[in-house]
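Dear colleague,

A summary of the findings follows it.

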Amino acid sequence: MELNNIKSQFPIFSKKINGKPLVYLDSSNSSQKPLSVLKSLDNFYKNEFSNIGRSIHSLAVSATNKFDETRVNVKNFINANSKEEIIFTKNATEAINLVATTFGQQNINKGDEILITELEHHSNYVPWHYLREAKGAIIKFAPINDDGDIIIEKLKELITSKTKIIAVTHLSNVTGTIVPIKEIVEIARKKNIPVLVDGCQSAPHIKIDVKDLDCDFFAFSAHKVYGPTGVGLLYAKKKWLEKLPPYIGGGGMINEVRKNKITYAPPPEKYEAGTMPTAEVVAFNESIKFMKSIGIEKIINHEKELTNYALEKLKKINSINIVGNPKNKAGVISFTMKGIHPHDISTIVDEDGVAIRAGHHCSQILHQRLNLIATARASIGIYNTKEDIDAFCKSIENCRKVFELK
Amino acid sequence: MDLKQLYQDIILDHGKSPRNLGKCKNFNRDAKGHNPLCGDEVHVYLDLNSENEIKDISFEGAGCAISMASASIMTDLIKGKNISDSKEIIKDYLGLVKNKSELESKKITDNEKTKMMSLSGVKDFPMRVKCATLSWHTLKAAFDNNKEKVNTEKFDK
């Protein structure tokens, strides 16, 4: 698939925002959806709807098969060993909560340590904080340098005999840092410590190969990879899914239910209680197909080129400060502007149809580390073009005019 | 929507050079406020005399132009008034930035009215209303001697 006309596949880009063509630079928050995903949702509800895995009528069988097709395709997308290692959740947040809760229940005791980093999104900190509160666990933060790179040596030093799990992001939603997961997993392996990777930001933008990464857990959300909301995903090595207790209890996750005893279904069903977001899981398959039809290499190259183009242009604008300068950077550009607060920037560029995010981006630890209260963030998706970057930069320059800055 | 309605000259002026910024010397009452959506924090300090008049008022905080200007204009306008009149003004202001088109209070001069009206543009920018109300809710908490940190998420729904 060629990229030059890709916007035409996303119906939202035919809409005007404040009378201007939409320049969407908030894909780190959530991505827009191609027509194939929307059609799938519509078609499933109109022509194919049934709950899955329960009834044996024709619709139920076909819906179950479709649901399973997504599992297989996702398994291939991230190169997992088997489809049983793929658990559907509500989102990546729920996937991380699933691990923190079940792993914590079984393996974390008072004084045990959980090692995370200063780069983490709140969704890879708060679930572990629950264990700190409930079990008296200790959370340690591997520090970053001013460029926004994790200082691997320091991370190493923070590992002790009490470290039970390492949970780390694959790609920072603020600095765009691509974290060397393989290096961290190698360190962890030597001490027999499992690693959870928050792949929310990486899944849409870089190649995901969980076998190659060799991580124990990998979480991401469908809505960031051009898929529907309401679906997230947890990859876990089979041994963990067999060993860990179930998470949410209810229908569909049981084997046998008696008055005095309950046994559970094998994974993945063990972790998928209740009616799942069926139509959304089915439509998620279309977003994976969409990503594949372009090819990850092309996605990486396109976004790299745009990121470099944007960085060069932004640096030329008076009083812009780019947050972080990591060794490996993806298309996430957070910045501040002297004399204008990020919220004011966001409101002003919105008038030009430019959608960016302002605030702490659910990463207050990182902002505190960098002595920032808030930043503005432009994040790139597959549909963005150089024209988008030009419009964005022009709009940023207009902020200075609105604020009458010289 | 017009950006100039939001970023009027008065707001840009107060936003860039906020009045009464810092901790006033003899404060005997204070309250903190917080906007969890953007992380903005404000701390309002009051020097109240025995007649419940505001001898001095100031604030600390960092935020967007709207929140800085709103705190600056508020402190300017409240200084010298008594608590009861101030509460009436707060109520009037909160109505103005959310839904009312006019100010009703008789306790404000025309000049003060103009300053308050300059913030009424946020009505057209719903995501920014909390920026304009944070310091005012916090001032009310200081009057009520409320020690709990004000959270904008509990207001302005």
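**Helix α4 of chain A and its surroundings**

Directly after α4(A) comes A:G136, which has a positive phi near 75°. Please note that the model is a predicted one. Helix α4 of chain A spans residues 126-135, and its buried residues include A:P127, A:W128 and A:L131. Viewed down the axis of α4(A), the buried residues lie within an arc of 100°, so they line one face of the helix. Their packing partners in chain A are α3 (92-107), β5 (113-117), β6 (138-142) and β7 (163-169).

**An open sheet in chain A**

Chain A also holds an open sheet of four strands, ordered β13-β14-β17-β16, with antiparallel pairing. At its edges are β13 (320-322) and β16 (357-359), each of which pairs on one side only. On average, neighbouring strands of this sheet are turned by 30° against each other, direction ignored.

The pairing of β16(A) with β17 (residues 375-379) of chain A is antiparallel and extends over three bridges. Within β17(A), A:A376 is the residue that stands opposite A:A358. Helix α11 (residues 342-350) of chain A lies across β14 (332-337), β16 and β17 of that chain, and runs at about 160° to β16(A).

**The contact between the chains**

Chain B contributes 15 residues to the contact and chain A contributes 14 residues. On the side of chain B that touches chain A, 12 residues are nonpolar, two are polar and one is charged.

With kind regards

Methods:
Residues numbered from 1 in each chain as written. Chains lettered and ligands numbered in written order. Predicted model: local features only at pLDDT ≥ 70, side-chain atom pairs only at ≥ 80, totals over all residues. Contact = placed C-beta atoms within 7 Å. Nonpolar A, V, L, I, M, F, W, Y, C, P; charged D, E, K, R; others polar. Pairing = 2+ DSSP bridges. Helix = DSSP H or I, 4+ residues; strand = E, 2+ residues; numbered from the N terminus. Axes fitted to C-alpha atoms, helices over the stretch in contact; angles between N-to-C directions. Buried ≥ 20, exposed ≤ 12 C-beta atoms within 10 Å, placed from the backbone. Arc of directions from axis to C-beta.
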